[in-house]
2 protein chains.
Amino acid sequence: MTLDAVLTRIDRTMPETMDRLFGLLRIPSISTDPAFNADCARAADWIAADLRAMGFEAEARATPGHPMVVAHAGPMGGRHVLFYGHYDVQPVDPLSLWHREPFDPAIEDTAKGPVIRGRGSSDDKGQLMTFIEACRAWIAEKGALPFRVTIFLEGEEESGSPSLIPFMRDNADELRADIALICDTGMIAPGVPSITGQLRGMLKDEFTLYGPRIDLHSGHYGGPGLNPLREISKIIASFHDEDGRVAVEGFYEGVDPVSPQTLAEWQRTGFDEKDYLTSVGYTVPHGEKGFSTLEQQWARPTLEINGLWGGYQGAGGKTVIPAEAHCKLTCRLVGRMDPEKLRKKIRAHVEARLPVDARVSWDRDSEGSPAVVMATGRPEFEAARAALTDEWGRSAVIVGAGGSIPIAGFFKSVLGMDALLMGFANDDDAIHSPNEKYDVKSFHKGIRSWARMIDKLAG
Amino acid sequence: MTLDAVLTRIDRTMPETMDRLFGLLRIPSISTDPAFNADCARAADWIAADLRAMGFEAEARATPGHPMVVAHAGPMGGRHVLFYGHYDVQPVDPLSLWHREPFDPAIEDTAKGPVIRGRGSSDDKGQLMTFIEACRAWIAEKGALPFRVTIFLEGEEESGSPSLIPFMRDNADELRADIALICDTGMIAPGVPSITGQLRGMLKDEFTLYGPRIDLHSGHYGGPGLNPLREISKIIASFHDEDGRVAVEGFYEGVDPVSPQTLAEWQRTGFDEKDYLTSVGYTVPHGEKGFSTLEQQWARPTLEINGLWGGYQGAGGKTVIPAEAHCKLTCRLVGRMDPEKLRKKIRAHVEARLPVDARVSWDRDSEGSPAVVMATGRPEFEAARAALTDEWGRSAVIVGAGGSIPIAGFFKSVLGMDALLMGFANDDDAIHSPNEKYDVKSFHKGIRSWARMIDKLAG
């Protein structure tokens, strides 16, 4: 029977499969830093060439930003699924905290089993390759895929996806399929196959607070001088109240309570709260009082400071009152929160707190993305549940997610397509952090899971 | 009459005098950054050689840090004055705000007259050279100085002077004189000769606040995750109350009110509050409510943040909750405030506000310096008043100062010497800032002022 042959081939060819992944991981495709533009292009070309070698019509297509990889294979006329992933990765700083070079991947043995170490191993190169390798094995055994498959990979997911919506609009007819399959999410607990039922949205913003016209001597002006570092700290401190609730007026507009049924389902997913907290050095959850850790992570919005700086950072000291202070922030959105309305509320909150002689400028204006709730009633979700349950030997669960995958919402808003997210990352993968890893087990069984999914959808 | 000849020579030789200053300004002697250690040594050697050429016994003496320049000239047995200055300078960042290379000095014409542009032109190379050039002219005309002069220059004034006290102790007999003359201060208003009657003390400290064990994804941990950038902002915001008063418990212990007489004197010094504020972009004083700008600057202690940083500062965004946040701070002390007691109070204030799962480490522990009040009744002060009044054509005033010159206190505590501070800097010299300058008039009349001072002390 075909599926068994495909699964056997997947197992047998793991060494070559791993070599291919390493080849992709060695390309430092950091999308947010222009210094790595050429590497992003190289990663796109690498994948397009690999897909062509499998028989896909594939190309890396130029955009105003980083290229999109678009590839097609399989018979027209019947079912048509689109697979989405992203080949770009996060910056690696602080580099000093990595115990090996981020773009020199290797398999390391750990107490929890072997892992693939390297930037992008989990987010998202390792995950996107699970689908590509499943297709490769299927084609190798059967000669062709059982239905139409379009692969669509972007290189700007970690930098606000500026080219994504225009590209989807310009290529709507080519990209529109029955459903979008997305592999950029994790498992609620090790070995518990998970389908993501909802995602938080995201809003990014950045501001500079200006005080004196020039940097000042903290002796000559210490006292009468307004200090931007003190003022920006007061503003950041004002973003939350004593209970950890965001104090920006109207922030929670559009936030709905989670139904008791959903809460009960979540508690049954096997989420290990203790491990989730202690694995990163926490003993308690630090979010809004009155909400469980899962609610804080999946169902409540946030306002986080991602970068804060001003004044002297070098060796020794400098007795200065700096002219500027800088802050990068992101919000995670839930329910019906409107990103652009929220941006206005946050900017108003900051501007209302500027003292005399201070001013603010807003630097970043990437489009925000609302939260997304999936159409879990679709047949593809039943197929996914079955495929995952077969492969992992325990029933798949539908979970929430704290992260944002704007594309899931864009498929709906731009192309009218629903999306299905299943992924194999673990909470301790340290994505966006030093020493990112992906479990060899996730990679291997992830490929097998997609092979089973193709089989279910073919049936 | 000798003085006239000396003053005439000073005027006549200004071109060569300026060339010598430029030679010293070209040496990037930034003491706080180890990358410039060799340049600090070069600056010390440059001055020692120049002093030897004038007939001083002079040498640059090694210390565990940067060298000290010690030089002697003039007859023993009678009056003995020590002159102190520092040849090290502040870092130049942000370099992008300089309109010329900081260590490529030049004379520039401005609306307020010609200025010497360059790092160190005012603080303190230009100022220390006013005394050296006065000695040069005097020796050239008269063959020798009229009394014993010891010149003592350090290279660590901008980096906490770690070697100063040990060096003073080890060389106490050689350095001890009747009084220390210090040229590292400014004029209360352009053209108003000023003697500094009191100085604020200083305390430096630096801490890192740690949260999660690693940088975290702000989607996966946004909500439950403790964010060090938010926590450090709350702590910094807690340092001051709504009235701009420092809220650290016991902070004001040892702070005395200023006498109405002193306040009245200060108001008569010609301090131009409007220019002091507007020249740097302020419309109002931002210090403690209920105190005048002069009191905020001279008579009230401060707690200033000089550096603050954590998270992502690069191009674009990064959805991270960082593992660490950093803060550099300095306090200015007045009256009887004890630096080391204050350090404990500040550290206790921070530690009392750490949330669960956060910890702090203290990085910097340079010795603090208390405030200093000068012995303005000494005869040398009368001589200085007369010399300055003669040169500037208006009576010299005794002023306070916002800055700290720890050496003034150390001369008393280590060597039992009083100090006299007279300097020629202006508030708009942008010391410690980009585009530092020193008025040509300050340099020229500064040299003439010291020549007159030598004459008064000789008489």
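A rotation of 180 degrees, with 0.0 Å of shift along its axis, superposes chain B on chain A with an RMSD of 0.1 Å. The two copies are thus related as by a two-fold rotation axis. Contact here means heavy atoms within 4.5 Å.

This is a predicted model, where local features need pLDDT of at least 70, side-chain atom pairs count only at pLDDT 80 or more, and totals for chains, interfaces and linings use all residues. Residues are numbered from 1 along each chain as its sequence is written, chains are lettered from A in the order in which they are written, and side-chain values use heavy atoms, without hydrogens and water.

Start with chain A. Chain A holds 14 helices and 19 strands. These are DSSP runs, numbered from the N terminus: helices are H or I with at least four residues, strands are E with at least two. The C-alpha trace of chain A spans about 80 × 50 × 50 Å along its principal axes. A compact globule of 459 residues would have a radius of gyration near 23 Å, and chain A agrees, with 23 Å. That radius is taken over C-alpha atoms, and the globule rule is 2.2 Å times the number of residues to the power 0.38.

Now find helix 4 (residues 125-142) and helix 14 (residues 440-458) of chain A. They pack at an angle of about 50 degrees, with their axes 8 Å apart. That makes helix 4 of chain A oblique to helix 14 of chain A. Angles under 35 degrees count as roughly parallel, over 145 as roughly antiparallel, 65 to 115 as roughly perpendicular, and the rest as oblique. Among the residues that meet are Met129(A), Phe131(A) and Trp138(A) in helix 4 of chain A, and Phe443(A), Ile447(A) and Trp450(A) in helix 14 of chain A.

Move to chain B. Helix 2 (residues 14-25) and helix 4 (residues 125-142) of chain B pack at an angle of about 140 degrees, with their axes 11 Å apart. Helix 2 of chain B is therefore oblique to helix 4 of chain B. Axes are lines fitted to C-alpha atoms, for helices over the stretch in contact, and angles run from 0 to 180 degrees between N-to-C directions. Residues of helix 2 of chain B, including Arg20(B) and Leu24(B), meet residues of helix 4 of chain B, including Met129(B) and Glu133(B).

Note on methods: Copies are superposed by least squares on the C-alpha atoms of residues with pLDDT of at least 70 in both.
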